[in-house]
Amino acid sequence: MTSPASHVLVIGECVADIVRTDGAPDRVHPGGSPANVAYGLARLGRRATLLTELGPDANGRLIRAHLESAGVRVRAAEVERTPTAVVRLDGQGRAEYAFEIGWTLPSTAGEAAEFAEAPAVVHLGSIGAVTEPGAAAVLALVERWRGRAEISYDPNVRPALMGERAEAVRRVERCVALSDLVKASDEDLAWLYPGERPDAVAERWLALGPAVVAVTLGAGGAFVRSAEGERVGAAAVPVAVADTVGAGDSFMAALLHIRATGADLTTCLSHAVTAAALTVSRPGANPPSAAELAAALTAGRESYSDAV
(Lines give C-alpha, C1' and ligand atoms only; values in the text may rest on other atoms or scores of the structure.)
Protein backbone atom coordinates (compact mmCIF):
# COMPACT_ATOMS: atom_id res chain seq x y z
CA MET A 1 0.00 0.00 0.00
CA THR A 2 1.27 3.49 -0.80
CA SER A 3 1.77 6.30 1.72
CA PRO A 4 -0.60 9.26 2.13
CA ALA A 5 2.07 11.58 0.66
CA SER A 6 2.90 9.39 -2.33
CA HIS A 7 3.41 10.62 -5.87
CA VAL A 8 1.06 9.56 -8.68
CA LEU A 9 2.10 9.51 -12.34
CA VAL A 10 -0.88 9.79 -14.70
CA ILE A 11 -0.36 9.01 -18.38
CA GLY A 12 -2.87 9.98 -21.04
CA GLU A 13 -4.68 12.59 -23.06
CA CYS A 14 -5.78 16.15 -22.47
CA VAL A 15 -8.90 17.28 -24.33
CA ALA A 16 -10.64 20.64 -24.61
CA ASP A 17 -14.30 19.84 -23.93
CA ILE A 18 -16.58 22.12 -25.93
CA VAL A 19 -19.84 21.78 -24.01
CA ARG A 20 -22.86 22.39 -26.22
CA THR A 21 -26.45 22.75 -24.98
CA ASP A 22 -29.38 23.80 -27.14
CA GLY A 23 -30.20 27.47 -26.70
CA ALA A 24 -26.95 28.30 -24.88
CA PRO A 25 -23.50 29.47 -26.04
CA ASP A 26 -20.69 26.90 -26.21
CA ARG A 27 -18.55 26.58 -23.10
CA VAL A 28 -14.96 25.30 -23.22
CA HIS A 29 -13.72 23.25 -20.25
CA PRO A 30 -10.33 21.58 -19.76
CA GLY A 31 -10.88 17.82 -19.98
CA GLY A 32 -9.63 14.41 -20.96
CA SER A 33 -10.10 11.53 -18.55
CA PRO A 34 -6.44 11.14 -17.45
CA ALA A 35 -6.05 14.91 -17.16
CA ASN A 36 -9.19 15.05 -15.01
CA VAL A 37 -7.84 12.30 -12.76
CA ALA A 38 -4.53 14.14 -12.29
CA TYR A 39 -6.39 17.36 -11.53
CA GLY A 40 -8.72 15.58 -9.10
CA LEU A 41 -5.79 14.02 -7.28
CA ALA A 42 -4.03 17.38 -6.94
CA ARG A 43 -7.24 19.00 -5.67
CA LEU A 44 -7.29 16.36 -2.93
CA GLY A 45 -3.71 17.18 -1.96
CA ARG A 46 -1.90 14.37 -3.77
CA ARG A 47 1.35 15.03 -5.64
CA ALA A 48 0.45 14.30 -9.27
CA THR A 49 2.36 14.44 -12.54
CA LEU A 50 0.63 14.19 -15.93
CA LEU A 51 2.54 12.84 -18.93
CA THR A 52 0.52 13.94 -21.95
CA GLU A 53 0.38 15.83 -25.26
CA LEU A 54 -0.61 19.48 -25.76
CA GLY A 55 -0.68 21.90 -28.66
CA PRO A 56 0.79 25.43 -28.54
CA ASP A 57 -2.72 26.84 -29.11
CA ALA A 58 -5.21 28.62 -26.84
CA ASN A 59 -6.80 25.32 -25.76
CA GLY A 60 -3.41 23.93 -24.82
CA ARG A 61 -2.59 27.01 -22.75
CA LEU A 62 -6.00 26.83 -21.07
CA ILE A 63 -5.54 23.19 -20.11
CA ARG A 64 -1.96 23.63 -18.86
CA ALA A 65 -2.93 26.63 -16.72
CA HIS A 66 -5.92 24.73 -15.33
CA LEU A 67 -3.83 21.71 -14.34
CA GLU A 68 -1.00 23.75 -12.87
CA SER A 69 -3.46 25.86 -10.86
CA ALA A 70 -4.19 22.74 -8.79
CA GLY A 71 -0.52 21.81 -8.50
CA VAL A 72 -0.30 19.16 -11.24
CA ARG A 73 3.18 18.86 -12.77
CA VAL A 74 2.60 18.76 -16.53
CA ARG A 75 5.07 17.01 -18.83
CA ALA A 76 3.73 17.37 -22.35
CA ALA A 77 5.00 16.32 -25.74
CA GLU A 78 4.06 19.05 -28.22
CA VAL A 79 1.56 18.28 -30.97
CA GLU A 80 0.25 20.57 -33.69
CA ARG A 81 -3.21 21.01 -32.18
CA THR A 82 -4.73 20.28 -28.78
CA PRO A 83 -7.43 17.58 -29.09
CA THR A 84 -11.06 18.61 -28.74
CA ALA A 85 -14.36 16.94 -27.91
CA VAL A 86 -17.78 18.40 -28.57
CA VAL A 87 -19.87 17.44 -25.54
CA ARG A 88 -23.63 17.51 -26.12
CA LEU A 89 -25.79 17.50 -23.00
CA ASP A 90 -29.33 16.15 -22.90
CA GLY A 91 -32.10 17.40 -20.61
CA GLN A 92 -30.78 15.32 -17.69
CA GLY A 93 -27.20 16.58 -18.07
CA ARG A 94 -25.95 13.31 -19.60
CA ALA A 95 -23.07 13.78 -22.00
CA GLU A 96 -22.43 12.48 -25.53
CA TYR A 97 -19.04 13.08 -27.15
CA ALA A 98 -17.75 13.74 -30.68
CA PHE A 99 -13.95 13.74 -30.79
CA GLU A 100 -11.24 15.34 -32.86
CA ILE A 101 -8.23 13.64 -31.35
CA GLY A 102 -5.05 11.74 -32.08
CA TRP A 103 -2.63 10.09 -29.68
CA THR A 104 0.97 9.90 -30.85
CA LEU A 105 3.00 9.90 -27.63
CA PRO A 106 6.56 9.14 -28.83
CA SER A 107 8.57 6.20 -27.57
CA THR A 108 11.04 8.76 -26.20
CA ALA A 109 8.36 9.88 -23.75
CA GLY A 110 9.95 7.47 -21.29
CA GLU A 111 12.92 9.81 -21.09
CA ALA A 112 10.59 12.54 -19.82
CA ALA A 113 9.22 10.19 -17.20
CA GLU A 114 12.45 9.93 -15.19
CA PHE A 115 11.65 11.53 -11.86
CA ALA A 116 13.70 12.49 -8.85
CA GLU A 117 10.80 10.94 -6.93
CA ALA A 118 9.59 7.60 -8.27
CA PRO A 119 5.81 7.27 -8.52
CA ALA A 120 4.03 5.05 -6.02
CA VAL A 121 1.06 4.80 -8.41
CA VAL A 122 0.95 4.88 -12.21
CA HIS A 123 -2.50 5.54 -13.65
CA LEU A 124 -3.48 5.04 -17.29
CA GLY A 125 -6.75 5.15 -19.10
CA SER A 126 -9.14 6.04 -21.84
CA ILE A 127 -7.90 7.04 -25.30
CA GLY A 128 -4.23 7.15 -24.39
CA ALA A 129 -4.16 3.54 -23.20
CA VAL A 130 -5.56 1.92 -26.35
CA THR A 131 -5.05 4.30 -29.29
CA GLU A 132 -1.98 3.75 -31.44
CA PRO A 133 0.69 4.77 -32.05
CA GLY A 134 0.90 6.39 -28.62
CA ALA A 135 -0.54 3.46 -26.67
CA ALA A 136 2.63 1.46 -27.28
CA ALA A 137 4.65 4.11 -25.44
CA VAL A 138 2.12 4.13 -22.58
CA LEU A 139 2.25 0.36 -22.13
CA ALA A 140 6.06 0.39 -22.28
CA LEU A 141 6.07 2.87 -19.40
CA VAL A 142 3.59 0.75 -17.44
CA GLU A 143 5.78 -2.31 -17.97
CA ARG A 144 8.74 -0.29 -16.68
CA TRP A 145 7.00 0.68 -13.45
CA ARG A 146 5.06 -2.52 -12.87
CA GLY A 147 6.25 -4.23 -9.70
CA ARG A 148 7.67 -0.96 -8.37
CA ALA A 149 4.42 1.04 -8.37
CA GLU A 150 0.73 0.21 -8.11
CA ILE A 151 -0.89 0.31 -11.56
CA SER A 152 -4.44 1.64 -11.95
CA TYR A 153 -6.59 1.73 -15.07
CA ASP A 154 -9.90 3.20 -16.22
CA PRO A 155 -10.96 2.21 -19.77
CA ASN A 156 -13.40 5.15 -19.98
CA VAL A 157 -14.69 3.72 -23.25
CA ARG A 158 -15.34 6.07 -26.16
CA PRO A 159 -17.10 3.86 -28.75
CA ALA A 160 -16.46 6.28 -31.62
CA LEU A 161 -12.70 5.84 -31.10
CA MET A 162 -12.53 2.17 -30.11
CA GLY A 163 -12.76 0.53 -33.53
CA GLU A 164 -13.94 -3.07 -33.87
CA ARG A 165 -15.35 -4.41 -30.60
CA ALA A 166 -13.40 -7.67 -30.33
CA GLU A 167 -10.08 -5.90 -30.83
CA ALA A 168 -11.10 -3.19 -28.37
CA VAL A 169 -11.87 -5.85 -25.76
CA ARG A 170 -8.46 -7.42 -26.36
CA ARG A 171 -6.70 -4.09 -25.83
CA VAL A 172 -8.73 -3.26 -22.73
CA GLU A 173 -8.13 -6.68 -21.19
CA ARG A 174 -4.40 -6.32 -21.79
CA CYS A 175 -4.48 -3.15 -19.69
CA VAL A 176 -6.64 -4.83 -17.06
CA ALA A 177 -4.12 -7.66 -16.78
CA LEU A 178 -1.29 -5.17 -16.16
CA SER A 179 -3.21 -3.40 -13.38
CA ASP A 180 -3.66 -3.72 -9.64
CA LEU A 181 -6.76 -1.52 -9.49
CA VAL A 182 -9.35 -1.15 -12.27
CA LYS A 183 -12.39 1.12 -12.40
CA ALA A 184 -15.09 1.12 -15.11
CA SER A 185 -18.63 2.35 -15.57
CA ASP A 186 -21.62 0.15 -16.31
CA GLU A 187 -21.81 1.94 -19.70
CA ASP A 188 -18.20 0.94 -20.44
CA LEU A 189 -19.01 -2.68 -19.65
CA ALA A 190 -22.26 -2.67 -21.64
CA TRP A 191 -20.34 -1.65 -24.76
CA LEU A 192 -17.44 -4.05 -24.23
CA TYR A 193 -19.57 -7.05 -23.16
CA PRO A 194 -23.17 -6.61 -24.37
CA GLY A 195 -25.71 -8.43 -22.23
CA GLU A 196 -23.30 -9.37 -19.43
CA ARG A 197 -23.94 -8.32 -15.84
CA PRO A 198 -21.41 -5.85 -14.38
CA ASP A 199 -20.70 -8.26 -11.52
CA ALA A 200 -19.86 -11.03 -13.99
CA VAL A 201 -17.45 -8.76 -15.86
CA ALA A 202 -15.83 -7.68 -12.60
CA GLU A 203 -15.29 -11.33 -11.72
CA ARG A 204 -13.78 -11.98 -15.15
CA TRP A 205 -11.41 -9.05 -14.77
CA LEU A 206 -10.32 -10.10 -11.28
CA ALA A 207 -9.29 -13.43 -12.79
CA LEU A 208 -6.91 -11.53 -15.10
CA GLY A 209 -4.89 -10.26 -12.15
CA PRO A 210 -6.11 -7.02 -10.49
CA ALA A 211 -6.54 -6.94 -6.72
CA VAL A 212 -9.58 -4.63 -6.92
CA VAL A 213 -12.23 -3.85 -9.54
CA ALA A 214 -14.66 -0.95 -9.03
CA VAL A 215 -17.77 -0.40 -11.15
CA THR A 216 -19.86 2.77 -11.19
CA LEU A 217 -23.59 2.44 -11.89
CA GLY A 218 -24.68 6.05 -12.41
CA ALA A 219 -27.76 6.75 -10.32
CA GLY A 220 -27.47 3.17 -9.02
CA GLY A 221 -24.31 3.97 -7.06
CA ALA A 222 -21.23 1.77 -7.33
CA PHE A 223 -19.63 -1.42 -6.09
CA VAL A 224 -16.13 -2.73 -5.49
CA ARG A 225 -14.95 -6.32 -5.63
CA SER A 226 -11.62 -7.69 -4.48
CA ALA A 227 -9.58 -10.73 -5.45
CA GLU A 228 -10.10 -11.96 -1.86
CA GLY A 229 -13.84 -12.25 -2.52
CA GLU A 230 -15.01 -9.07 -0.77
CA ARG A 231 -17.86 -7.10 -2.35
CA VAL A 232 -18.91 -3.66 -1.12
CA GLY A 233 -21.70 -1.53 -2.58
CA ALA A 234 -22.72 2.08 -2.08
CA ALA A 235 -25.77 4.09 -3.11
CA ALA A 236 -25.36 7.24 -5.16
CA VAL A 237 -25.37 10.46 -3.15
CA PRO A 238 -28.54 12.40 -4.12
CA VAL A 239 -27.77 15.78 -5.73
CA ALA A 240 -29.24 18.10 -8.33
CA VAL A 241 -27.32 17.22 -11.50
CA ALA A 242 -25.72 20.04 -13.50
CA ASP A 243 -24.01 17.58 -15.85
CA THR A 244 -22.13 14.29 -15.62
CA VAL A 245 -18.88 15.48 -17.22
CA GLY A 246 -15.89 14.21 -15.23
CA ALA A 247 -17.90 12.32 -12.62
CA GLY A 248 -16.14 9.02 -13.22
CA ASP A 249 -12.75 10.73 -13.17
CA SER A 250 -13.51 12.33 -9.80
CA PHE A 251 -14.56 8.90 -8.54
CA MET A 252 -11.24 7.47 -9.76
CA ALA A 253 -9.15 10.25 -8.22
CA ALA A 254 -10.85 9.97 -4.84
CA LEU A 255 -10.56 6.17 -4.91
CA LEU A 256 -6.82 6.35 -5.60
CA HIS A 257 -6.30 9.06 -3.01
CA ILE A 258 -8.04 7.38 -0.10
CA ARG A 259 -6.77 3.91 -1.03
CA ALA A 260 -3.22 5.24 -0.51
CA THR A 261 -4.01 5.73 3.17
CA GLY A 262 -4.77 2.04 3.66
CA ALA A 263 -8.50 2.61 4.10
CA ASP A 264 -10.86 -0.35 3.75
CA LEU A 265 -13.05 -0.80 0.67
CA THR A 266 -16.15 0.63 2.36
CA THR A 267 -14.33 3.87 3.18
CA CYS A 268 -12.76 4.04 -0.26
CA LEU A 269 -16.12 3.65 -1.94
CA SER A 270 -17.79 6.24 0.30
CA HIS A 271 -15.14 8.82 -0.61
CA ALA A 272 -15.37 8.00 -4.31
CA VAL A 273 -19.17 8.22 -4.67
CA THR A 274 -19.24 11.46 -2.68
CA ALA A 275 -16.56 13.02 -4.87
CA ALA A 276 -18.51 12.01 -7.97
CA ALA A 277 -21.70 13.52 -6.56
CA LEU A 278 -20.01 16.84 -5.86
CA THR A 279 -18.71 16.89 -9.43
CA VAL A 280 -22.08 16.26 -11.09
CA SER A 281 -23.64 19.01 -8.96
CA ARG A 282 -21.67 21.67 -10.88
CA PRO A 283 -20.82 22.24 -14.56
CA GLY A 284 -17.80 20.63 -16.20
CA ALA A 285 -15.11 18.36 -14.79
CA ASN A 286 -14.84 20.27 -11.50
CA PRO A 287 -13.80 17.80 -8.78
CA PRO A 288 -13.85 18.65 -5.08
CA SER A 289 -11.01 19.92 -2.97
CA ALA A 290 -9.96 17.94 0.09
CA ALA A 291 -11.92 20.37 2.30
CA GLU A 292 -15.07 20.11 0.18
CA LEU A 293 -14.94 16.33 0.20
CA ALA A 294 -14.36 16.18 3.94
CA ALA A 295 -17.29 18.54 4.56
CA ALA A 296 -19.60 16.51 2.31
CA LEU A 297 -18.63 13.25 4.02
CA THR A 298 -19.26 14.80 7.44
CA ALA A 299 -22.62 16.16 6.34
CA GLY A 300 -23.58 12.77 4.97
CA ARG A 301 -22.70 11.02 8.24
CA GLU A 302 -24.67 13.60 10.23
CA SER A 303 -27.70 13.18 7.96
CA TYR A 304 -27.53 9.43 8.45
CA SER A 305 -27.30 9.83 12.24
CA ASP A 306 -30.30 12.19 12.26
CA ALA A 307 -32.32 9.74 10.20
CA VAL A 308 -31.50 6.88 12.58
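Colleague: Which residues make the nonpolar surface patch?

Modeller: Val237, Val239 and Val241 make a nonpolar patch of about 200 Å². Patch residues have over 30% relative accessible area (Shrake-Rupley method, 1.4 Å probe, only the protein chains shown count as cover).

Colleague: Where is valine 241 found?

Modeller: Valine 241 sits in the loop between strand 13 and helix 10. Helices (H or I, at least four residues) and strands (E, at least two) are DSSP runs, numbered from the N terminus.

Colleague: And what does valine 241 count as in terms of accessibility?

Modeller: Valine 241 has 44% relative accessibility, so it counts as partly exposed (buried is under 20%, exposed over 50%, partly exposed in between).

Colleague: How reliable is the numbering and the rest?

Modeller: This is a predicted model, where local features need pLDDT of at least 70 and side-chain atom pairs pLDDT 80 or more, while totals for chains, interfaces and linings use all residues. Residues are numbered from 1 along each chain as its sequence is written, and side-chain values use heavy atoms, without hydrogens and water.

Colleague: New topic: what is the strand order in the open sheet?

Modeller: The nine strands run 5-4-1-8-9-10-11-12-13, with mixed pairing (two strands pair if DSSP finds at least two bridges between them).

Colleague: Which strands stand at the edges?

Modeller: Strand 5 (73-78) and strand 13 (231-234) do; each has a single partner strand, so one side of each lacks a neighbour in the sheet.

Colleague: How many bridges join strand 10 to strand 11?

Modeller: Five, between residues 181-185 and residues 212-216, and the two strands run parallel. Alanine 184 has valine 215 in strand 11 as its bridge partner.

Notes
Patches are made of residues with over 30% relative accessible area and no salt bridge: like charges are joined within 9 Å, nonpolar side chains (Val, Leu, Ile, Met, Phe, Trp, Tyr) within 5 Å. A salt bridge is a side-chain nitrogen of Lys or Arg within 4 Å of a carboxyl oxygen of Asp or Glu. Buried means under 20% relative accessible area, exposed over 50%, partly exposed in between (1.4 Å probe, protein chains only).
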